[in-house]
Structures are given as C-alpha cells and as structure tokens.
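Trainee: Could we go through this structure together? I would like to begin with the overall picture and then turn to details.

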Amino acid sequence: MRGLRWALVGASDIAATRIVPAMRRLGHEVSAVLSTSPERGRAYAAANGIPVATTALDGLLARDDVDAVYISTTNELHHSQTLAAAAAGKHVLCEKPLALSVDDAWEMIEACREAGVVLATNHHLPAAATHRVIRQLVADGAVGRPLAVRVFHAGHLPDRLQGWRLTGQGRGAGVILDVTCHDAAAVWAILGRDALEAAAVAVRQGPWGAVAEDAVVSALRYEGDVLVQTHDAFTVAYARTGLEVYGEEGSIVAVDVMTQDPGGQVTLRDRSGEHEVQVPDRRDLYEVALEAFAGAVRGDGRPVVDGVDGARALAVALAVKEAAESGRTVAVARGRDGTPPYEERKEDGRA
Ligand code: NDP
C-alpha cells in the first residue's frame, strides 16, 4: 500500500530531525514544505530533499499530491493552520500544544470532524513501548488501585532550541506548554483518568532572560483522588527522567522514559519483590505515531494521541500555568460548554 504524501507546514527543527526521517523510513513521501521565508524554505527543502518549497498555505493545501499535513510551526499558528487544512480536506498531524486555548483546540477538533479528516496531536510519549507497557500493567491491576504518579521531566534546552520557547511572547513560550503538556498526555494514556485541579509553582532559573517560566513543579488531583506531581525544566543539565506509578498493591518505577528516544527501563515492585519488566519493542516513537496516523486515515484504528487527547493535555497545561501565575489552585477546563468532554473516549474503550 502506498505511504501517505505529506506537506510540512513549518520549516522546523523537529520536522528535519525526527519526523521527516521517520516518514521516509515508513515509505511515506514529503511533497512540499511551507515557510514564511522564501530563502529559508528553499534552503530547508534542499537540505531535506523536499521537491517544493512555498510561502503560500492555500497553494500548498490545494496540491493533489498531498494527503496530509504535518503542522510544526510555532504554537500560535497551529489553530488557524489546522482549520485551513481541514477546510481543504487534508488530514492533520499537529504538533503540541494543540493550540493556545482549549476553545481553539475544540474548534480544531470539530472542524476536522466536520471535514471528515483525521486529527492527531504529536505527543510522542504515549507511543513509547515503555509507556504502553506501564499502561498495560496499570490496566491489568499490577499496582492495584492507583494512588499517585510522579513525573520527572527536567532537562536542558539545547542551544539550537533557545529561541521562541524562551522569548516568544504570544507564541506559547515557557516550559509548561512545551513539556508539562507532554506529561499530561503521558499520564492520561497510562491512567485513563482526567485531571480535575492543579496547583503549581514556576520560576525563571536560566541565564537567558526568558519571558516565561523555565522550570515548574505542579501538583494535580485526578479523578478517583489520584495525586500527580511533575517537575519540568529547561534548566537541568544532568537529570535522568522518569515516571513512577504508586498503587495499593505495587509500584512501577520507570527511568529514562520521558525522552524522544525508545530507551528506558521499567521496574515493578510488589509484595513478591522487585522485577524488571521486559520491553522488547524499541521502535522509534514517531514511527509508531505516524503508523497509527496512517492507519486512521485508512479507517483502520485511531491515532495514538488524537485531537481530543491533545485538547485534554492542553487543558492540564493551561491550568498548571494559571495556577503558577495566580498562586491559586485552578480547576482543569472541561469541554467547550463546560461539561465533561471526554466521556466518548472512555466509551470507546480507550481508557
Ligand atoms: P523551530 O523553531 O525549529 O520551528 C518553528 C518555526 O520557526 C518554523 O515554522 C520556522 O518558520 C521558524 N524558524 C525555524 N528556524 C528559523 C530561523 N533560523 N529563523 C527564523 N525562523 C525560524 O521549532 P521546533 O521544531 O522546535 O518546534 C516546532 C513545533 O513542534 C512546536 O509546536 C513545538 O512545541 C513542537 N515540538 C514537538 C516535539 C515533540 O516531540 N512532539 C519536539 C519539538 C518540538 P517558517 O516555517 O516560517 O520557516
């Protein structure tokens, strides 16, 4: 079967370093790239072997050699570009955070539903085999009733990414929209429970005069009174990452699993002792996500993280941000109309 034919919306680092290589390994094609700069677009196309570079979104979306778009522009553009792609009948794989407001995210979801195109959010962690193994352990009752989750996701922002994430006022700068939203996507995938409220403390620790927080600690209450804590940072050079799930009957301790690479170890501790859990599948996370996306386009299965899951992760991140800025505990936004939006996902058997 022919692979998908993609247009890249955004001449980004993540497309060049992770997504285009993963697309090609799967036999997908990249037909064109959109950049706001003709020179950068041409240089990017040449460097990445892409036949067409353009500055015109309408023209890109009208191309008949494009089945789907991968949107990896800065965050404030995801909403309008997704609406345009849906109107043009193109499937959408959109980078996280899906949008800058929950309402915008829901408008994207509804536009894609109405257009009959697939919308996925490129949260990579739920695609990791380690995370899928943890989710299965929890679903199988290996830890009993879940009580708490701890997420360690502090790292050091590489030099080449020290741009809009630090200085992009209005672009969704800051570590919360960059990293905490990934934590939220990962915790939802593992627990299948919604976050209800968030408290947080955020600081600016780095040497770069950031316009937004570059380190944050959050404390969240999830359905069933599960407590979740996260530490996310751009400032910590030598940390390991990890995710731990504590339950009444056991605990899962996973190290080096909050990364873009398919490594890490998972250990289960329970009354019988401590056991390393085998994770034989070490496929590239982005390949797993792209493969599921292509399946959904064919009508076979669903994306690893769809639009609703992306909206859910965004809602958690925005609550953490508001909590950090206000010093108050903040309710996590539900659906557009204030009702719990996620019931259908649970009925789906997804949780
Ligand atoms: P980049 O900064 O590389 O690219 C974002 C935009 O910035 C591009 O669309 C491009 O504009 C512009 N740009 C790129 N290079 C330059 C330059 N040298 N001078 C001026 N403008 C430039 O972003 P990232 O790849 O880091 O992130 C893109 C999106 O992907 C974000 O939404 C981010 O949150 C997400 N992301 C997701 C990851 C994941 O694992 N899921 C990992 C990393 C990022 P133009 O297109 O107009 O040329």
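This is a predicted model: local features need pLDDT of at least 70, side-chain atom pairs count only at pLDDT 80 or more; totals for chains, interfaces and linings use all residues.

Trainee: What is the radius of gyration, and what would a compact globule have?

Mentor: The chain has a radius of gyration of 20 Å. A compact globule of 351 residues would have one near 20 Å, so the two agree. Along the principal axes, the C-alpha trace spans about 60 × 50 × 40 Å.

Trainee: And what percentage of the residues count as buried?

Mentor: Of the 351 residues, 56% are counted as buried. As for contacts with a separation of 6 or more, 68% of them are between residues 24 or more positions apart.

Trainee: How far apart are the mean positions of the positive and negative charges?

Mentor: They lie 2 Å apart, with 36 positive and 47 negative charges in the chain.

Trainee: Let us move to helix 6. Which of its residues are buried?

Mentor: Helix 6 covers residues 129–139, and its buried residues are Ala-129, Thr-130, His-131, Val-133, Ile-134, Leu-137 and Val-138.

Trainee: What covers them?

Mentor: The cover includes helix 8 (175–191) and strand 7 (146–154), together with strand 11 (242–247), strand 12 (250–255), strand 13 (265–270) and strand 14 (273–277). Just after helix 6, Gly-141 adopts a positive phi of about 85°.

Trainee: Where is Thr-180, and why does it count as buried?

Mentor: Thr-180 is in helix 8. It counts as buried because its relative accessibility is 2%, and the cut-off is under 20%. Apart from neighbours within four places in sequence, Thr-180 contacts Val-175, Val-216, Thr-230, Asp-232 and Val-320.

Trainee: A change of topic: how many disulfides does the structure hold?

Mentor: It holds zero disulfides. For Cys-94, the nearest cysteine sulfur belongs to Cys-112 and is 8.9 Å away. Cys-94 is buried, with a relative accessible area of 0%.

Definitions and conventions
Residues are numbered from 1 along each chain as its sequence is written. Side-chain values use heavy atoms; hydrogens and water are left out. The radius of gyration is taken over C-alpha atoms; the globule rule is 2.2 Å times the number of residues to the power 0.38. Buried means under 20% relative accessible area, exposed over 50%, partly exposed in between (1.4 Å probe, protein chains only). Contact means heavy atoms within 4.5 Å. Lys and Arg count as positive and Asp and Glu as negative; His and the chain ends are not counted. The place of a charge is taken as NZ of Lys, CZ of Arg, CG of Asp or CD of Glu. Helices (H or I, at least four residues) and strands (E, at least two) are DSSP runs, numbered from the N terminus. A disulfide is a pair of cysteine sulfur atoms within 2.5 Å.
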